[in-house]
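Subject: The structure you asked to look at

Hi,

Here is the structure I promised to pass on. Have a look at it first, and then read my notes below.

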Amino acid sequence: MNKDELLEKLEHSVVMGHLDADDEGYDGSMEGTPGTLELLEQALEAGIEPQKLIESFRVAMEKVGNLFASEEYNLADMLASAECVGEAMEIIESKLQVGNSSNKGKFLIATVEGDLHDIGKNIVATMLKGAGYQVKDLGINVPAQAIMQEIREFKPDFVGLSALLTSTMIEMEHVVRLIKEDSFPDLKLFIGGAPTSQAFADKIGADHYCRDVMDAMNKLEQVSNVS
Amino acid sequence: MIVTEKQQLKMLSSAEMQLLHEGSCSLLSRVGVKVTHAGIAALLLASGAQCKGDRIMLPQDMVKNALAQSARIIQFEAPDPAYSFTVNGPENQVKFGTGGQALYVVQRTSNGWVRKSAGTDDLKQIIVLCNQLKQVDFITRPVECDLPDEQKDVAKAAVFRRYCSKPINLANLVKLARLAEVLEIIGNRAHLSFIISLVSSPLVMDSSAGDKFVAIVQKDIPVAISSCPQGGSTAPFSEVGELLQLNAELLFGFVLANVVRPGAKVLYRGIPITANLYSDASPRWCQPDSIRRVALAAQLCRFYNLPCCGTAGVSDQAVPSAQGISEKVLSWVYEAACGGQYINSALGMLEQVMSVSYYQYVIDDIALGIVKEKFSKAQSLAISQLALSAALEVLGCFGIEPDEKMEAELSARIRHIENGLEPYNETYIEDQLAVIEKAVNKSSSTVFMKAARKGLREGYLYKGARLDASLDLAAVAERLESSEGLGT
Ligand code: B12
């Protein structure tokens with residue numbers, strides 16, 4: 001297989017959400033055939049440059065986004081593709097030590113203290129990884145101090161907070177206040193979760209409220225394009 | 001309401017339920033539950049559990065003992081003794097109540113339905129209304145007080161004490177430290193019960209819920225052990241897999257309860273719904289796939305002869321509608337026919353537990369009355385026929401003349417509820433256990449989502465048309481206006 005064919009196959013495997021040979025892929029028929037991770041290994045061995053790989057992921061995810069928008073793909077299909085990219089990026093970064101190879105930026109995400117809801121947060125984290133952001137997910141029930149420490153160490157460009165309870169929205173406010181007090185002038189704050197709203201984001205001084213994952217992706221793209 | 005022996009619907013055979021039981025036990029002994037609460041871990045270890053890291057594994061004997069010891073009969077007394085009742089594991093008596101912790105109240109205005117934040121005054125008004133509604137047998141906290149967390153429990157107890165004449169279910173305890181005051185305010189603790197969501201899916205005990213659970217069990221107050229996994233995000237997308245996991249999570253609660261207090265008064269509350277993986281993973285509470293799964297959980301509970309706290313009638317619709325009413329009717333019918341006994345959230349709820357509405361309480365009271373009458377009068381009807389005729393009659397009650405299309409849609413929904421799409425055999429169960437184990441180890445809900453692609457293609461999530469027709473709510477408005485003590 002020449003390099004172009006390999007890249008084409010790689011792109012196709014991402015569109016099909018085919019992670020590796022153990023994975024059944026989009027149409028349930030792909031188990032046993034090489035998936036994104038195996039093809040990536042071949043591509044790296046063949047000496048294909050990371051930027052080319054990343055570009056083919058971008059093209060693949062654009063196709064997936066369109067398929068989702070036209071309802072040909074469902075959420076599970078889209079997440080499977082995003083996960084292929086997320087895992088592939090981790091390998092590229094660790095093997096080639098290229099750091100944040102996508103230069104889209106770093107996103108720190110957490111569900112605030114007292115809150116155990118993470119379904120929505122996980123979807124957002126997976127999709128952002130798939131879109132090429134370097135994502136660090138601190139999990140659920142994360143104390144404000146742990147978020148602050150991670151902001152200092154991971155140095156994210158964006159922080160995303162999730163809260164699903166009216167009681168933990170207050171904690172969200174607390175975290176936002178600590179971040180503001182510590183003054184990270186370039187840090188953009190995103191919030192989400194059922195009880196939150198644009199009005200609440202305005203009240204606590206968060207930059208963006210996101211209704212759902214697509215809203216989050218769009219707002220993030222807008223912010224990234226501006227900066 | 002009584003469901004006769006003949007009306008009892010067995011969508012699973014005893015052999016299939018036995019397989020599920022064994023699968024859940026194997027999950028508990030092999031994968032276990034993550035417990036980071038040192039005290040509770042120690043308590044379970046001292047009673048025969050084993051541990052691997054922070055996971056507590058329960059040998060099958062512990063489950064067996066807990067099932068043998070757990071209370072079969074639970075008394076729910078009421079401030080007005082006329083409303084007291086008993087839930088008895090092996091019996092088919094069904095009671096319906098409210099539920100929720102809704103964030104919003106949906107109100108009717110001249111500009112249509114509007115949503116406003118719910119608060120203490122709504123709690124009071126809803127209790128006053130539900131005291132008067134004939135089909136409300138008990139009152140579970142529908143909305144919380146709009147106060148700081150420290151004050152919520154005490155304020156809520158005070159409102160219930162002052163206004164509620166039916167058995168009181170406070171649902172959750174916000175602050176354990178307030179329990180003693182809550183008991184003092186309620187006065188007679190026989191009037192009181194709780195719900196605790198002890199284990200977060202998949203298989204992680206919530207430490208703070210654990211503390212509250214232990215305290216309530218120690219005080220011998222009835223408590224429903226609740227688990228609400230969502231197939232496709234926090235549990236396998238497969239109904240078999242979701243039931244295996246749900247059952248393991250609830251059995252863990254039964255073990256803990258009976259270690260703390262042998263003969264504990266705990267109820268089995270399984271709400272295995274599905275996640276809407278077509279779009280945004282939001283929960284589907286009242287679609288045929290979820291109605292079926294929740295009904296199967298009730299059947300599984302009754303397989304053990306345990307007291308069954310059911311859930312039914314949580315519409316997915318944002319405002320009162322024909323679609324919402326028909327969802328509710330199907331959900332009540334199947335939950336009752338499959339074994340639900342103390343059915344929560346049955347009235348007033350909209351928008352996937354996010355909202356309640358005064359109008360919806362009255363609509364549901366009328367509709368539930370018709371469903372109950374069907375169960376008592378139409379005893380020779382198959383449940384599928386009973387469900388269809390109840391839904392048609394209820395729609396008629398609100399000025400809708402159902403046409404053929406509506407009837408066909410309702411029938412399609414009923415077929416989806418009654419007809420499973422998956423095999424119940426050992427190999428399939430093993431496959432599902434492997435999916436759960438993988439998700440537990442990876443601790444991300446996306447494992448279940450990705451594994452859902454095949455099931456989505458095979459139609460696990462019902463896709464149908466909405467029932468669109470406008471409701472005549474004149475009678476409902478009149479009843480609301482004539483209700484005593486309502487300031488709306
Ligand atoms: C699933 C669920 C649970 C599961 C959580 C499982 C899990 N792993 O997450 C379990 C059963 C464990 C649970 C527990 C509880 N829950 Co709960 N739960 C829900 C439920 C039904 C669905 C939430 C969900 O996952 N939605 C689907 C996801 C995909 O949507 P989403 O979270 O909104 O996320 C999207 C957007 O909001 C946005 N987004 C979200 N976060 C972020 C973050 C960023 C940075 C961005 C950009 C975007 C973004 O993008 C996401 C993807 O599109 C809601 C009701 C509802 N209909 O929302 C109640 C609900 C949130 N829970 C509620 C309650 C009360 C509880 C409990 C207290 C119950 C109890 N009595 O013990 C406990 C609390 C535990 C705790 N301390 O957190 C209430 C809250 C009410 C209130 N007044 O606050 C709700 C509203 C239900 C209700 N009315 O009773 N719950």
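How many bridges join strand S1 of chain A to S2(A)? There are 4, and the two strands run parallel. Before you go further, keep in mind that this is a predicted model.

**Chain A: a sheet, a helix and a cobalt**

S1 and S2 belong to an open sheet of 5 strands in chain A, in the order S2-S1-S3-S4-S5, with parallel pairing. At the edges you'll find strand S2 (134-137) and strand S5 (208-210), each of which pairs on one side only. On average, neighbouring strands in this sheet are turned by 20° against each other, if you ignore direction. If sheets are new to you: strands pair through backbone hydrogen bonds, either parallel or antiparallel.

To see one bridge for yourself, find Phe107(A), whose partner in S2(A) is Val135(A). Then look for helix H6 (residues 144-154) of chain A, which packs on the sheet and touches S1, S2 and strand S3 (158-162). The direction of this helix makes about 170° with that of S1(A).

Which residue is the only protein donor of the ligand's cobalt atom? It's His117(A), through NE2, at 2.3 Å. You'll find His117(A) in the loop between S1 and helix H5 (119-130) of chain A.

**Chain B: another sheet**

Chain B has an open sheet of 4 strands, in the order S8-S7-S22-S21, and here the pairing is mixed. Its edge strands are S8 (112-117) and S21 (349-350), each pairing on one side only. S7(B) and S8(B) run antiparallel and are joined by 6 bridges. Along them, Gln107(B) stands opposite Val114(B) in S8(B).

**Chain B: two packed helices**

Two packed helices are described by the angle between their axes and the distance between the axes. For helix H5 (residues 149-163) and helix H6 (residues 179-186) of chain B, the angle is about 10° and the axes are 9 Å apart. H5(B) and H6(B) are therefore roughly parallel to each other. Residues making the contact include Val154(B) and Phe160(B) from H5(B), and Val182(B) and Ile185(B) from H6(B). Sorted by class, this contact has 7 nonpolar and 3 charged residues, and no polar ones.

**Chain B: rings and backbone details**

A search of the whole structure turns up 15 aromatic pairs over all chains. One of them is Phe85(B) with Phe138(B), a tilted pair with 6.3 Å from centre to centre and 55° between the planes. This pair links distant parts of the chain, 53 residues apart: Phe85(B) is in strand S5 (residues 85-88), while Phe138(B) is in the loop between helix H4 (120-132) and strand S9 (139-140).

Where is the cis peptide bond with omega near -5°? It runs from Ser201(B) to Pro202(B), and Pro202(B) sits in the loop between strand S12 (199-200) and strand S13 (204-205) of chain B. Also check Gln101(B), which has a positive phi of about 65° although it is not a glycine. Gln101(B) is in the loop between strand S6 (95-96) and strand S7 (104-109) of chain B.

Finally, click on Leu19(B) in helix H1 (residues 14-30) of chain B. Not counting residues up to four places away in sequence, Leu19(B) touches Tyr424(B), Asn425(B), Glu426(B) and Ile429(B). From Leu19(B) to Gly485(B), by contrast, the C-alpha atoms are 52 Å apart in space, and the two residues are 466 apart in sequence.

Notes
Residues are numbered from 1 along each chain as its sequence is written. Chains are lettered from A and ligands numbered from 1 in the order in which they are written. This is a predicted model: local features need pLDDT of at least 70, side-chain atom pairs count only at pLDDT 80 or more; totals for chains, interfaces and linings use all residues. Side-chain values use heavy atoms; hydrogens and water are left out. Two strands pair if DSSP finds at least two bridges between them. Axes are lines fitted to C-alpha atoms, for helices over the stretch in contact, and angles run from 0 to 180 degrees between N-to-C directions. Contact means heavy atoms within 4.5 Å. Angles under 35 degrees count as roughly parallel, over 145 as roughly antiparallel, 65 to 115 as roughly perpendicular and the rest as oblique. Ala, Val, Leu, Ile, Met, Phe, Trp, Tyr, Cys and Pro count as nonpolar, Asp, Glu, Lys and Arg as charged, and the others, Gly among them, as polar. Donors are N, O and S atoms within 2.8 Å of the metal (3.2 Å for Na, K and Ca); water is not among the atoms, so sites may look incomplete. Rings of Phe, Tyr and Trp (its six-membered ring) pair if their centres lie within 6.5 Å; planes under 30 degrees apart count as stacked, over 60 as edge-to-face and the rest as tilted.
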